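Please examine the sequence and the three-dimensional structure shown below. The paragraphs that follow lead from the overall fold to individual residues.

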Amino acid sequence: MDVARLAGVSQKTVSRVLNDEPYVSADVRRRVLDAAEDLGYRRNQAARALASGRTRSIGVVTLGSAL
C-alpha cells in the first residue's frame, strides 16, 4: 500500500508492475519501481505462496542414506 501511495497509483497497478504484466505505461512502471526501491520493498514469498496456493518447492522423501 505504501508503494502505491508514494507512486500515486492504485494497489492493482503496483501488482501489475511487480508481476510484469502488460498495459502499464513506461512512466507509471518507472514510478512504481522507483517507489518500491525507495521504500526497500521486497516480495514476501510466504504471502505469495498463501495467496496463490503454490510454494514453487518440491519435497523429497527418502528411506535411508546412501552412506
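The protein chain contains four helices and zero strands, where helices (H or I, at least four residues) and strands (E, at least two) are DSSP runs numbered from the N terminus. Along the sequence, the pattern reads α-α-α-α. The model is a predicted one, in which local features need pLDDT of at least 70 and side-chain atom pairs count only at pLDDT 80 or more, while totals for chains, interfaces and linings use all residues. Residues are numbered from 1 along each chain as its sequence is written, and side-chain values use heavy atoms, with hydrogens and water left out.

The overall dimensions come next. The radius of gyration of the protein chain is 18 Å, whereas a compact globule of 67 residues would have a value near 11 Å. This radius is taken over C-alpha atoms, and the globule rule is 2.2 Å times the number of residues to the power 0.38. Taken along the principal axes, the C-alpha atoms fill a box of roughly 55 × 25 × 20 Å.

How much of the protein chain is buried? Buried residues make up 22% of the 67 residues; the term denotes under 20% relative accessible area, exposed denotes over 50%, and partly exposed lies in between (1.4 Å probe, protein chains only). The chain exposes about 5700 Å², of which carbon and sulfur atoms supply 53%. Such areas come from the Shrake-Rupley method with a 1.4 Å probe, and for residues only the protein chains shown count as cover. Of the contacts with a separation of 6 or more, 42% are accounted for by residues 24 or more positions apart, a contact being heavy atoms within 4.5 Å.

The charged side chains comprise 11 positive and 7 negative ones, and the centres of the two sets lie 9 Å apart. Lys and Arg count as positive and Asp and Glu as negative, whereas His and the chain ends are not counted. Each charge is placed at NZ of Lys, CZ of Arg, CG of Asp or CD of Glu.

Ala7 belongs to helix H1 (residues 2–7). Why does Ala7 count as buried? Ala7 does so because its relative accessibility is 7%. Leaving aside residues up to four places away in sequence, Ala7 touches Arg31, Val32 and Ala35. Although Ala7 and Val32 are 25 residues apart in sequence, their C-alpha atoms are 5.3 Å apart in space.

Gly8 lies in the loop between H1 and H2. With a relative accessibility of 58%, Gly8 counts as exposed. The C-alpha atoms of Gly8 and Ser52 are separated by 26 Å, and the two residues are 44 residues apart along the chain.

Helix H2 includes Thr13, which has 16% relative accessibility and therefore counts as buried. The side chain of Thr13 makes a polar contact with that of Ser10 at 3.0 Å. A polar contact is a pair of N or O atoms within 3.5 Å; within protein, one must be able to donate a hydrogen and the other to accept it, and residues adjacent in sequence count only if both atoms are side-chain atoms.

The loop between helix H2 (11–18) and helix H3 (26–39) holds Asp20, and Tyr23 is also placed between H2 and H3. Asp20 is not a glycine, yet it has a positive phi of about 55°. Tyr23, likewise not a glycine, has a positive phi of about 70°. Are these residues buried or exposed? Asp20 counts as exposed because its relative accessibility is 63%, and Tyr23 counts as exposed at 83%.

Gly40 has 53% relative accessibility and so counts as exposed.

At the start of helix H4 (residues 45–52), a side-chain oxygen of Asn44 comes to within 3.0 Å of the backbone nitrogen of Ala46. Just after H4, Gly53 adopts a positive phi of about 75°. Gly53 counts as exposed because its relative accessibility is 66%. The C-alpha atoms of Gly53 and Ala35 are separated by 28 Å, and these residues are 18 residues apart along the chain.
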